[in-house]
Amino acid sequence: MTARMLRWLTLVLLMASGAAQALTAEQARAIAAGDTDDRIAAMNQALDQADDRTAAFLQALGEDAVKLSGDRVFIVRGDKAIDAVTGADADLPADAEDAMVNNRLRGEIDTALAAIKLFSRDVKVRASAVATLLAETDESKLPLVQKALAAETDDGLREQLEMVQAAILLGSPDVARRLEAARMMADGRNRNTKTVLLERLRVEDDAQVKAALQASLVKVDERLAWGNRLGAMFSGVSLGSILLLVALGLAITYGLMGVINMAHGELMMVGAYATYVVQGLFQKHLPGGFDWYLLAAVPASFLAAALMGAALERGVIRHLYGRPLETLLATWGISLMLMQLARTVFGAQNVTVENPVWMSGGVQVMGNLSLPFNRLVIIGFAFAVLLGVAWLIARTRLGLFVRGVTQNRPIASCMGVNTARVDTYAFALGSGIAGLAGCALSQIGNVGPDLGQSYIVDAFLVVVLGGVGQLAGTVYAALGLGLLGKFLEGWAGAVLAKIAVLVFIIVFIQKRPQGIFAMKGRSAEA
């Protein structure tokens, strides 16, 4: 074992035992100035008693943020200087000079920092150190990896360290160790495992080890294939949930009311921009509560889009009932006006809506399958909105009136139902749901004036395929098209998948014009 590795192991043992001591002024001065060999020796001595302040000093030295004045050493960040030894604020002397760092010393600093970070209390810092080791799997690091593996408590990092250990052993001159490592790699769950196995297969000359490598590669390929399949399924459900949110509002305005609203996508855009505005208000006035701005953005996006929809129904669509072509042209013109209004108010460039902290990151299910929290939240949100709409339509007085007006408007009017008001409420509800879709979409992409144009055609296809006026059909169609599209993308590419889905819908509608579910009941207008 080299002297350098013994040095790292000494550091590891000291850090694990909690016997670390503070950096001294003499050590800091010796590391910051002098001959390179002497500085490295001083750094090695300091590492034997390393603590957080030592790591901060080495980090600053590697970033050229250290200055010297006499026997004192300072860390300088911007206009602020602190004493490298005590960590206290200090006045930087006028004669302070930069501490020079050459490439050799910089490499030693990087290695020392990696060793320190591997035993950090912060899981993210340790994960970064492990990622560095994954890229540099030479055998000299094996004792350090094994010591870190013994101390690691996080299951995910332990798995990665085990793969690093196996990858290092694959390069051993000992055939028995390579054979053991090849068999260990069969349990690998990430893409790096396959890469390491393929690289080793190209240079391996022992037949037994090569056979073990090939057997492990088959198992890893099978596991990765399942990860890809599950990933495609999750992507399909995620896309389907977004289509469901977009199409739910359209299922009311088009499916129940028969209005071809080409401005539906722009109502989504209104909800997305409302979310952006609420985010800005929280950043400016309530920065401490920013992580909960979505609790205010959800009702704000619903109300903004609902009010816009109510104004649209009262001002334009009310005068065009029974004239679908004129309604289509009028709402298309309104969509252009709304897009131009968004460009005038917010600018032509897309704006960014940030995820709260609790929606950042994801769940690592397999080595090649991660489920992002923002997508999981959107899936749950979509089904919550679906349940709310189903309850509203089936269990409330407004839902009763909407169903009555939809099935037989004259009789509903004769029974005392204010059909004009019900039309406005129903259109506002559908528009508000479109606003909720915009709020959800803002969490997975940028918000711009053209946001709604990407989903409006797919939303109409979902409603037509599911069956006009049928919420259950909307659910089946949205999830089905999402899953079908994602699986076809993996097989034929995005463009051909889109064409194949469109052809499927055309053929399906030819065979079953009423969609998956047919409208039940009698209508005076039928």
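Biologist: Is aspartate 64 buried, partly exposed or exposed?

Modeller: First, the ground rules: this is a predicted model, where local features need pLDDT of at least 70, side-chain atom pairs count only at pLDDT 80 or more, and totals for chains, interfaces and linings use all residues. Residues are numbered from 1 along each chain as its sequence is written, and side-chain values use heavy atoms, leaving out hydrogens and water. Buried means under 20% relative accessible area, exposed over 50%, partly exposed in between (1.4 Å probe, protein chains only). Aspartate 64 has a relative accessible area of 49%, so the class is partly exposed.

Biologist: Which residue forms a salt bridge with aspartate 64?

Modeller: A salt bridge is a side-chain nitrogen of Lys or Arg within 4 Å of a carboxyl oxygen of Asp or Glu. For aspartate 64, the closest N and O atoms of the pair are 3.6 Å apart, and the partner is arginine 106.

Biologist: How many residues apart in sequence are the parts that this pair ties together?

Modeller: Helices (H or I, at least four residues) and strands (E, at least two) are DSSP runs, numbered from the N terminus. Aspartate 64 sits in the loop between α4 (52-62) and β1 (66-69), and arginine 106 in helix α5 (residues 103-117), so the parts tied together are apart in sequence by 42 residues.

Biologist: Is glutamate 204 buried or exposed?

Modeller: Glutamate 204 forms a salt bridge with arginine 200, with the closest N and O atoms 3.1 Å apart. Arg178 is linked with both in a network of salt bridges. Arginine 200 has a relative accessible area of 18%, so arginine 200 is buried. Glutamate 204 has 3% relative accessibility, so glutamate 204 counts as buried.

Biologist: Why do the buried residues of α2 line one face of the helix?

Modeller: In helix α2 (residues 25-32), the buried residues are Gln27, Ala28, Ile31 and Ala32. The arc is that of the directions from the helix axis to the C-beta atoms. Seen down the axis of α2, the buried residues line one face because they fall within an arc of 125°.

Biologist: How many disulfides does the count come to?

Modeller: A disulfide is a pair of cysteine sulfur atoms within 2.5 Å. Cysteine 439 is buried, at a relative accessible area of 3%, whereas cysteine 414 is exposed, at 66%. By this rule, the count of disulfides comes to zero.
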